[in-house]
Amino acid sequence: MTYLELSPAITALRVRPEEFELRDNTLHHLASRHSFRFMSDDEVRIEAVCGCQQLRSSPQQSKVLHQAYQDWRVSYWQPLQINREFAEHFEPPGLVRRTMIALLRYLIAWRPAAKAAPIDQPIPVR
């Protein structure tokens, strides 16, 4: 049986990790629009609009691609996601949030006027 040669994808994943992203547990190569869904350690399903998906990958190369994917995920994707999330913490707040913060600050700083005599008590006459 003829297998699809996965070494170009393996090399790209190792050398140019920024060309890939992970969505819905599927590895996407942005430039080629190929997707790799790992069914097990030695089986990968390739989704593409070209004829690449007509051939299966060999179990040996599927294992190598899966290992490269796991390395990529730990060394590139997870740190990238953590850094993106960290950066979001320091973005300026949106209009609604700024308005709510300003209102909260106003309410915290607001001091009621001096207490007047209670209405139900008579005012002393001199």
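Which helix lies across β1, β2, β3 and β4? The legends below answer this and describe other parts of the fold. The model is predicted: local features need pLDDT of at least 70, side-chain atom pairs count only at pLDDT 80 or more, and totals for chains, interfaces and linings use all residues. Residues are numbered from 1 along each chain as its sequence is written, and side-chain values use heavy atoms, with hydrogens and water left out.

**View 1. Helix α2 lies across the four strands.** Helix α2 covers residues 59-88 and runs at about 90 degrees to β1. Helices (H or I, at least four residues) and strands (E, at least two) are DSSP runs, numbered from the N terminus. Axes are lines fitted to C-alpha atoms, for helices over the stretch in contact (heavy atoms within 4.5 Å), and angles run from 0 to 180 degrees between N-to-C directions.

**View 2. The open sheet has the order β1-β2-β3-β4, with antiparallel pairing.** Two strands pair if DSSP finds at least two bridges between them. Because β1 (20-23) and β4 (43-47) each have a single partner strand, one side of each is left without a neighbour in the sheet.

**View 3. Three bridges join β2 (residues 26-29) to β3 (residues 34-40).** L27 has F36 in β3 as its bridge partner.

**View 4. The largest nonpolar core has 18 residues.** Such a core is a set of buried (under 20% relative accessible area, 1.4 Å probe, protein chains only) Ala, Val, Leu, Ile, Met, Phe, Trp, Tyr and Cys residues joined through side-chain atoms within 4.5 Å. L13, L27, F36, L65 and W72 have the most contacts inside this core. Helix α2 gives the most to the core, with five residues.

Note on methods:
Buried < 20%, exposed > 50% of the residue type's maximum accessible area, 1.4 Å probe, protein only.
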